[in-house]
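Open the model in your viewer and keep the selection tool at hand. The stops below say what to select next and what is there.

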Amino acid sequence: MKITLPLVILLNLIIFAQQSPLITNIEGRKTFSLNGNWQIIIDPYEMGYYNYRYEPNENGYFKNQKPKNKTELIEYDFDKSETLKVPGDWNTQKEKLLLYEGTIWYKKDFDYQLEKGKRLFVYFGAVNYKAIVYLNGQKLGEHEGGFTPFNFEITDLIKEKDNFIVVKVDNKRSREFVPTVNTDWWNYGGITRDVNLVEVPSTFIEDYFIQLSKEADNKMSGWIQLDGNDFKQKISVRIPEINLEYSFKTDENGYLRFLFNAVVELWSPNYPKLYDIIIESETDTIKEKIGFRKIEVKGPNILLNGKKIFLKGISAHEEAPLKGGRANNREDAKIILNWVKELNGNFIRLAHYPHNENIIRLADEMGIMIWSEIPVYWTILWNNEQTFLNAKNQLTEMITRDKNRTSIVLWSVSNETPVSEERLSFLKRLAEQTRNLDDTRLITAALENHYINDSTIMIDDPFGEYLDVIGLNEYLGWYDGLPEKADKINYKTNYDKPVIVSEFGADALQGLHGDSLTRWTEEYQANVYEHQINLMKRIPNLSGMSPWILADFRSPRRNLPGIQDHWNRKGLISDKGIKKKAFYILKKFYEEAF
Ligand code: GCB
């Protein structure tokens, strides 16, 4: 059949929504790792997907074909191709891929014995940016967005022997994507997080939410959702350490809401207490470690467990310290969070997209509060509904994955987006979705601000009205004047809400020294930090800060030879892990100030 144009367009339509339920508690499940070496084909012209008329080819590379006889023409061979490690970005694994933006096909063979009556899903922690997944030559589905998990059910397709999974990964940037073409970070492509097969009972606990109740003290509330066909089940929730056990029944849709009494010790940075939580249905059991705390705002203050708290933080990209590339494991997370502790911090802003789950689970254990955000960054296409649905889907996947993680106290929906009517309506809808999914966390965004006279900057971005906490990025001393300019500026806001200075900073090449007004030196950066710290004391409603940034990170925007060489140098720590002078200034401030 000749494929007509509308069908081509249809095939290319991006499907954001999950086609099967997102399995959220991977750690407590029976899993089989598909990590390791995958065969790859670098395919900049998408030969494996389109024919020469640019129509989808039904015999694309996903068929993993071999010539059946000596005459057959097959122009690829996965098994003779090179390999890449999963999880991992491709850019830092092969020099020729450092700046590659396009399609790479990944293939892995595996055997799997699925227990009778069980269901099987293939789960991807993240693929940047667009993934099309095939099993044994059949398409499972697509996913768009490079920083959130997705899965497909493969119960009916899996064989005991000789399965092959193929993923078309495409990290080409595009104006309507989230993020859009213009960012200040590396566009690391590939299967950047773990891939697992996840085995579950035929009816399983698909998802649940458990938090301290907002309505009453010493109560917990939440919900549980089953997936399968045996929806009416008896469910128990247990916290063995405090001898707590309650039983409930799910309704005909496999859903239940609960509210019960529970007296627990509260989680905080000084006492990151976690409890084993066991949720058991008639067919499934899951076990997770969860802490309990309350995060609220009262006028200009942030309250943790009812007490005013100052968030002493730092921003970070998801880059592996020392070795570079995307961070993807617990060891990377440990280095990053130990640096936060060394700074005397209690807070990290995970910029500018959802980071991998390791760092969030470790922050739960170490008592570090988290700001988590989606890549609605700078100049998204505000009036494009597909762009909105994409952003909303990424937000939903972030919250779905992390809503039971104690350390997350702030959901951020955008960064430095220019004020306009269209942008306001876009962001309002994201804030609404955030509250619908989780009304126990605070909502924030890094907002716009502007001068109202030579010495006063106003924070009155209209989106502030819809937020709990105002995020403020400012670069006095770097993009705006010299370091001492910070002494002459006052900030004002018309919001009676907490303000977090979510960015300030300056570039310094570690080891480059000079006087405190010579750009790119450690002394200049230290100078900026000193003046900024004085400014912090004058920021209205200041409740926290996360200067920009913990460590130098790769960015193709940064072209100055000998200094930047494609690195943003605003790190307090170099890409080799060496601390710059400013690190110690911030550390001292956090030690003494609060
Ligand atoms: C910003 C952005 C951040 C950049 C930073 C910079 O305002 O939010 O993504 O990396 O400035 O270094 O210019």
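Helices (H or I, at least four residues) and strands (E, at least two) are DSSP runs, numbered from the N terminus. This is a predicted model, in which local features need pLDDT of at least 70, side-chain atom pairs count only at pLDDT 80 or more, and totals for chains, interfaces and linings use all residues. Residues are numbered from 1 along each chain as its sequence is written, and side-chain values use heavy atoms, with hydrogens and water left out.

**Stop 1: a loop residue**

Select Glu215, which sits in the loop between β11 (204-212) and β12 (219-227). Is Glu215 buried or exposed? Buried means under 20% relative accessible area, exposed over 50%, and partly exposed in between, with a 1.4 Å probe and protein chains only. Glu215 has a relative accessible area of 73%, so it is exposed.

**Stop 2: a strand residue**

Keep Ile235 and select Thr285, where the C-alpha atoms are separated by 9.5 Å and the residues are 50 residues apart along the chain. Thr285 belongs to strand β17 (residues 285-290). Its relative accessibility is 40%, so Thr285 counts as partly exposed. Contact means heavy atoms within 4.5 Å. Leaving aside neighbours within four places in sequence, Thr285 is in contact with Ile278, Ile279 and Glu280.

**Stop 3: the whole chain**

Zoom out to the protein chain, which has eight helices and 33 strands. Its radius of gyration is 25 Å, close to the 25 Å that the globule rule gives for 594 residues, so the chain is as compact as a globular protein of that length. That radius is taken over C-alpha atoms, and the globule rule is 2.2 Å times the number of residues to the power 0.38. Along its principal axes, the C-alpha trace spans about 75 × 60 × 45 Å. Of the 594 residues, 60% count as buried. Take the contacts between residues at least 6 apart in sequence: 73% of them join residues at least 24 apart.

**Stop 4: a helix and a serine**

Select helix α3 (residues 357-366). Eight of its ten residues are buried, so α3 is largely enclosed by the rest of the structure. The buried residues of α3 include Ile360, Ala363 and Asp364. Gly367 follows α3 and has a positive phi, near 80°.

Next, select Ser407, in the loop between α4 (385-402) and β24 (408-415). Ser407 has 0% relative accessibility and so counts as buried. Not counting residues up to four places away in sequence, Ser407 touches several residues, among them Trp267, Ile360, Ala363 and Asp364. A polar contact is a pair of N or O atoms within 3.5 Å; within protein, one must be able to donate a hydrogen and the other to accept it, and residues adjacent in sequence count only if both atoms are side-chain atoms. The side chain of Ser407 reaches the backbone oxygen of Ile360 at 3.3 Å.

**Stop 5: the ligand**

Which residues are closest to the ligand? They are Asp184, His352, Tyr377, Glu416 and Tyr479, out of 14 residues that surround it. An N or O atom in the side chain of Glu416 is 2.3 Å from an oxygen atom of the ligand. For a polar side-chain atom of His352, the distance to a ligand oxygen atom is 2.6 Å. For one of Glu503, it is 2.7 Å. The protein covers 96% of the 320 Å² of accessible area that the ligand has on its own. Such areas come from the Shrake-Rupley method with a 1.4 Å probe, and for residues only the protein chains shown count as cover.

**Stop 6: backbone angles**

Most residues other than glycine have a negative phi, and most peptide bonds are trans. Select Trp378, which is not a glycine but has a positive phi of about 55°. Trp378 is buried, with a relative accessible area of 18%. Asn344 also is not a glycine and has a positive phi, of about 65°. Finally, select Val86 and Pro87, where the peptide bond is cis, with omega near 0°. A cis peptide bond also joins Trp548 and Ile549, with omega about 15°.

Conventions: A residue is near a molecule or strand if one of its heavy atoms lies within 4 Å of it.
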